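Please keep the model in view while reading.

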Amino acid sequence: MPKTSARLLSLLSLLQVRRDWPGALLAERLDISPRTVRRDVDRLRELGYPIVAFKGPDGGYRLDAGTELPPLLFDDEQAVALAIALQIATTTGAGIEEAAARALNTVRQVMPARLRRRIDTLQVTAVERPAIRPDPQVDSSVLMALSAAVHAREVLRFDYTPASPPGVDDNGVQTPPRRVQPHHLVTWGGRWYLVAWDLDREDWRTFRADRITPRTPPGPRFTPRELPGGEVAAFVASRFRGSDGSGDWDWPCRGEVILDLPAAAVSRYTRDGVVEELGPNRCRLVLGSWSWPGLAATIGRFDADIEVVGPAELKDAFARLARRYASAATGTPPPIQ
């Protein structure tokens, strides 16, 4: 590589490390004169890098944001991380699969041979979780609009369509747009959600992004509210567990049983429960669910004898399911309770 080209890459690498660089310090790090630094900065500007000069006692340079995307410079770890992220982009649900594949191909083409070999040996197959219906894709423009509203702290107006045609409720009545204060854009289980304060209902709501059609212009700016619990991940998890998010992040129903199975076999199929080994073929399982029958049914999927430790609601749920299953097996209607 010619000496000047190598020096330009070194200068660009330094400018990406920190925001402001005094000219004298750049000259010292590159072992060149301040005049050469000025010439090299001009060359980088001609290549499209928006480098601005700032005044002061030391005077120096800053790599600023521009209107076009110039060539980028990554170190080895950054390049590998970028390639891995692009390979698993198909599971984001953001509708960027084709763009991610093209970006990965572009990055790979400009990589040095040593890095290209590392990337080629790291072939990641992104497998989405099994589902009865495929997760809906979200238009990237919608995600950008939601993210912009969150960042700007501006009231967001949008049409929300859970099941009915856009703007129409289940009775065929035209529905007004929702008005919310957007706080967080999150991804959960392959889907995108907007966590926001609903101005009309005066409560926190979680909206699926694929069902949102933003309206323009945005509303006025607002002062962010404190999210219940203070942590968005715990808040979203609690909402999906049936809690109101006010501080109790646990499932509304939690029970304890003993299974005649090895702990290792049970833990493989227990996502957020607690499994304790009691012997070679015996373990204790503490698990939560939306409802007591739902919890009993979840535990019943293990092909083993079950001893209910508690509470009594879980024992009652097993009894109700037993009657239902017995009725289904014999084809007779269950007794009237």
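Which strands does α7 lie across, and at about what angle does the helix run to β5? Helix α7 lies across β4, β5 (178-188), β6 (191-198) and β8, and its direction is at about 115° to that of β5. Such axes are lines fitted to C-alpha atoms, for helices over the stretch in contact, and angles run from 0 to 180 degrees between N-to-C directions. Helices (H or I, at least four residues) and strands (E, at least two) are DSSP runs, numbered from the N terminus.

This is a predicted model, in which local features need pLDDT of at least 70, side-chain atom pairs count only at pLDDT 80 or more, and totals for chains, interfaces and linings use all residues. Residues are numbered from 1 along each chain as its sequence is written, and side-chain values use heavy atoms, with hydrogens and water left out.

The strands belong to an open sheet of five, ordered β7-β6-β5-β4-β8 with antiparallel pairing; two strands pair if DSSP finds at least two bridges between them. At the edges, β7 (203-208) and β8 (212-214) each pair on one side only. From one strand to the next, the twist averages 45°. Strand β4 (residues 156-160) runs antiparallel to β8 and is joined to β8 by three bridges; Tyr160 has Ile212 in β8 as its bridge partner.

Within α7 (residues 140-152) sits Val150. Beyond its neighbours within four places in sequence, Val150 is in contact (heavy atoms within 4.5 Å) with Pro182, His183, His184, Leu185 and Leu194. Between Val150 and Leu185, 35 residues apart in sequence, the C-alpha to C-alpha distance is 7.5 Å.
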